[in-house]
Amino acid sequence: MRLIGDRRILLGSVCVETVAAVLVLLYGHLALLAVAALYWIDLLFVTLRTTVQQLLSRPETDHQSTLFQRPFRLLAHKHGSITVTDRLPGIHLRNIPAVWGAVFILVFSASTTAYVAAVNVPGELWRSPAILILLGGGLVAAATKSWLVLRAYVASGGYDVTSASAVVPRKRILIFAVYSGLLWLASWWTLTTLAGEGLEITRAGMTVSAFVLIVSRLAYGWYAARARPDGWQSDSTSDLNDEAISQGWSDSEPEENVSAPSQPSIPDGEPRETMAPVRSSILAAGVVNAMTTGGVVDNRFGHWRQLIIRVGIAGLIVVAVFALLDGAIVVSASLAAIFFGLVGGLSTISAVHLLLALGGVEYEFYESKVVAYDRYLGRPQWSASYDGVRDVSVERGLFGSPLWLDTGTVFFDRIYNPKDGESTQEPRSSIAFVPDPERAGELLSSHS
């Protein structure tokens with residue numbers, strides 16, 4: 001082991017554990033439960049910080065497909081990043097598909113832990129005047145700790161060499177996922193001890209237990225802040241320690257023959273013509289994409305199991321109608337609310353997906369090739385040489401122009417051309433939702 005002298009991680013740990021120590025003194029026999037609630041807040045920010053680190057990290061280069069189309073599959077080919085603040089590197093839209101695991105665990109943990117907190121945890125914990133310190137102080141301390149660790153990650157340069165999939169503190173994320181069970185166990189232990197041993201013994205036992213936990217976490221924070229293995233490399237999934245993985249440190253061998261995706265080139269001179277997708281068609285495409293498991297832009301549909309989910313959602317409204325006809329108004333309204341909530345959620349996710357993928361794109365037609373340039377990212381996304389374009393077709397209708405808006409999509413096949421770089425491997429053989437698709441098709445066909 002070798003010392004790195006970065007005290008930010010240790011300082012962040014001290015912030016959280018100081019609040020924990022204050023809660024132990026204020027809550028008495030409920031000390032362990034108060035500390036458990038505080039540590040859930042800490043793990044919440046760990047998960048949020050992990051998500052941010054994934055977005056900042058080196059873009060993924062893996063193009064392997066799966067049975068299930070990812071909700072943000074088109075972003076897996078985006079070049080460039082968006083700068084949100086000068087204190088952090090840019091956010092890579094290409095990495096958004098990698099954060100879905102953390103988002104799912106966050107929603108699952110929040111819902112299950114909230115249920116246990118409401119049903120099993122004594123209400124005395126939430127009615128105590130110290131709740132302001134638990135919630136207010138806990139939020140501030142946990143946010144400060146995560147910000148300090150994030151700054152340490154950026155300062156180490158780990159974001160530039162670590163892929164998004166490697167930035168996962170697996171042990172802590174696993175604990176966060178099952179935290180409702182841990183909170184239930186702490187509540188059961190507290191209440192059982194209180195009923196069997198009395199208030200004084202319970203206070204002493206829970207206080208000692210909480211302080212042992214606090215000291216253990218402080219020791220772990222000191223270890224994580226000071227030690228890293230010699231010869232560290234990125235892209236490891238080993239569990240050296242959560243904070244070290246969070247900063248991109250591992251003892252794995254360097255990954256060979258991994259190259260960054262090539263950026264499509266832009267020809268010299270000004271483009272002959274420029275077209276941009278119509279935003280209303282992009283939003284409508286989001287609804288169509290959500291209901292059909294894909295299809296727009298790349299003509300790639302999700303696995304048939306995804307369609308079963310859509311059929312099940314449609315079945316809710318059918319049952320709701322029958323319930324209404326039978327006079328069960330409450331049941332009908334509940335099922336209808338669930339139906340519209342699911343449809344709205346899927347449509348919103350899909351619309352955001354397509355807006356991020358196409359909202360800032362301009363199709364620039366040069367003398368030799370067409371280039372899709374993203375104004376927001378400031379970089380070309382793909383290019384196609386005219387002499388490598390075949391089978392150009394213009395489509396209007398449900399998938400070429402969702403909801404029959406006044407736009408259309410140009411689909412075409414491409415022959416591999418090394419000069420086009422990565423673009424020939426992308427599912428982007430289309431010029432989507434442009435107001436004059438016939439003209440775009442003519443420009444492509446006239447050189448092919």
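What follows is a talk about labels and the values behind them.

Tutor: First, the ground rules. This is a predicted model, where local features need pLDDT of at least 70, side-chain atom pairs count only at pLDDT 80 or more, and totals for chains, interfaces and linings use all residues. Residues are numbered from 1 along each chain as its sequence is written, and side-chain values use heavy atoms, with hydrogens and water left out.

Student: Why is Gly-28 called buried?

Tutor: Buried means under 20% relative accessible area, exposed means over 50%, and partly exposed is in between (1.4 Å probe, protein chains only). Gly-28 has 12% relative accessibility, so Gly-28 counts as buried.

Student: Where does Gly-28 lie, and what does Gly-28 touch?

Tutor: Gly-28 sits in the loop between helix H1 (8-27) and helix H2 (31-56). Helices (H or I, at least four residues) and strands (E, at least two) are DSSP runs, numbered from the N terminus. Leaving aside residues up to four places away in sequence, Gly-28 touches Arg-203, Met-206 and Thr-207. Contact means heavy atoms within 4.5 Å. Leu-199 is 171 residues from Gly-28 along the chain, yet their C-alpha atoms are separated by 9.2 Å.

Student: What makes Asp-374 and Lys-78 a salt bridge?

Tutor: A salt bridge needs a side-chain nitrogen of Lys or Arg within 4 Å of a carboxyl oxygen of Asp or Glu. The closest N and O atoms of Asp-374 and Lys-78 are 2.7 Å apart. That value meets the cut-off, so the pair is a salt bridge.

Student: Why does this pair tie together parts that are 296 residues apart in sequence?

Tutor: Asp-374 lies in strand E5, while Lys-78 lies in the loop between H2 and helix H3 (100-119), so the pair links those parts. Asp-374 is buried at 1% relative accessible area. Lys-78 is buried too, at 1%.

Student: How many salt bridges are there in the whole structure?

Tutor: A search finds 11. One of them joins the side chains of Arg-203 and Glu-200, at 2.9 Å from N to O. Both residues lie in helix H8 (residues 199-226), 3 residues apart, about one turn of the helix.

Student: Why do residues three or four places apart in an α-helix point the same way?

Tutor: An α-helix has 3.6 residues a turn, so such residues point the same way.

Student: Are Glu-200 and Arg-203 exposed or partly exposed?

Tutor: Glu-200 has 55%, so Glu-200 is exposed. Arg-203 has 29%, so Arg-203 is partly exposed.

Student: What joins Glu-442 and Arg-439?

Tutor: Their side chains meet in a salt bridge of 3.0 Å, N to O. They are 3 residues apart in helix H13, about one helical turn. Glu-442 is partly exposed at 47%, and Arg-439 is partly exposed at 24%. Elsewhere, salt bridges that share partners join Glu-17, Asp-42, Lys-145 and Arg-217 into one network.

Student: Which residues of helix H13 are buried?

Tutor: In H13 (residues 437-445), they are Pro-437, Ala-440, Gly-441, Leu-443 and Leu-444.

Student: How do you know that they are on the same side of H13?

Tutor: They cover an arc of only 160° around the axis, which puts them on the same side. The arc is that of the directions from the helix axis to the C-beta atoms. The buried residues of H13 pack against several strands, including E3 (273-275), E5 (369-374) and E9 (430-434).
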